[in-house]
Amino acid sequence: MRSQLTPLFRCGLLALLTLLPGFAPADNVLRYPRAPSGDEFRHDYPLAVLQLALDKAHSPLRLQPSAYGMEQNRALLSLEENSTIDVLWTMTSIEREERLIPVRIGIDKGLYGWRLAMLRQGSENLLRDVRDLDDLRKLQAGQGHDWPDTDILRQQNLPVMVSSSYDSLFRMLVAGRFDYLPRSVIEIWGELKHHHAKGVVADPYLALHYPTATYFFFSPHRPDLAETVRQGLEAALADGSFDRLFLQHFGAALQQARLHERHLIELPNPLLPPATPLDRKELWLDPRQLPASPATP
């Protein structure tokens, strides 16, 4: 008589297998949040890094977008519950690292903490004389309601107006609902070319900085996926392919920012987890150290 595995034994065997780096579920897919229509360009770099990590880890997983787009809070909850997505990239915080498994290799090299302001067209000189937080407190920022940046700014008593929609922030800025919209130095130039940003310009005078990192996060139910991507990222760092990919995507944008010419205001980040690997110098970049591009005639 042919022996059969009991359901309990099969479940236990599957649980053991999923702890092995490189193990893939039967469908061999790694699901990520689908970008809203028209915003696909914002996912180009994270997906390229994720694919690089899978390649370096010799993983059979292939990337697949979720069936529908979702706002950040919904994506975080879905990931925590191990339901419709398997991975999410977002800024770290103490609360997020308690809920999810972070791979503590910042795919942004810390540059999501370097912020330039978007302004309404015609108000290019609004921040010209801002020298400190007291000056900045006279103005109101716009932010997403579920972004860690919102709490970072509010901790410094900076006025913030929030929106539940990324798209609406640009419309609110143009309509004068708030004064400036801080965006990452590696986001802002691509966004200014996008249809959302009609009537919006980049401030040329000021930069804000707070220590933070953008990680790949995984469900607490899938440590195997986190370990696979961690190993792949470490391999990409070791052979230089990570840095080459980063500069391929953002080298020109960092030069365009001309950060060495801007007044810098430093902000503390009370949401920064204690386990943040600030001592691993290869994971961070000070964009002021890059040469500036020639001035546009």
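Contact here means heavy atoms within 4.5 Å. Axes are lines fitted to C-alpha atoms, for helices over the stretch in contact, and angles run from 0 to 180 degrees between N-to-C directions. Helices (H or I, at least four residues) and strands (E, at least two) are DSSP runs, numbered from the N terminus.

Two remarks on the source. The model is predicted, so local features need pLDDT of at least 70 and side-chain atom pairs count only at pLDDT 80 or more, while totals for chains, interfaces and linings use all residues. Residues are numbered from 1 along each chain as its sequence is written, and side-chain values use heavy atoms, with hydrogens and water left out.

Now the sheet. It is open and has three strands in the order β3-β11-β4, with antiparallel pairing; two strands pair if DSSP finds at least two bridges between them. β3 (87-91) and β4 are the edge strands, each pairing on one side only. From one strand to the next, the twist averages 40 degrees. Five bridges join β3 to β11 (residues 214-218) in the antiparallel sense, and M91 has T214 in β11 as its bridge partner. Across β3 and β11 lies helix α3 (residues 72-80), which runs at about 130 degrees to β3.

Next, a helix pair. How are α9 and α10 angled to each other? Helix α9 (residues 223-239) packs against helix α10 (residues 241-257) at about 85 degrees, and the axes are 5 Å apart. That makes the two roughly perpendicular, a label for angles of 65 to 115 degrees. From α9, the residues L233, A236, L237 and D239 meet S241, F242 and R244 of α10. By class, this contact has four nonpolar, one polar and two charged residues.

K109 sits in the loop between β4 (101-103) and β5 (114-120). Is this lysine buried or exposed? K109 counts as buried, because its relative accessibility is 6% and buried means under 20% relative accessible area (1.4 Å probe, protein chains only). A polar atom of the K109 side chain lies 2.9 Å from the backbone oxygen of E282.

For the classes used earlier, Ala, Val, Leu, Ile, Met, Phe, Trp, Tyr, Cys and Pro count as nonpolar, Asp, Glu, Lys and Arg as charged, and the others, Gly among them, as polar.

Last, helix α6 (residues 148-155), where P148, D149, T150, I152 and L153 are buried. Just after α6, N157 has a positive phi of about 60 degrees.

Note on methods. Buried < 20%, exposed > 50% of the residue type's maximum accessible area, 1.4 Å probe, protein only. Parallel < 35°, antiparallel > 145°, perpendicular 65-115°, else oblique. Polar contact = N/O pair within 3.5 Å; in protein donor to acceptor, adjacent residues only side chain to side chain.
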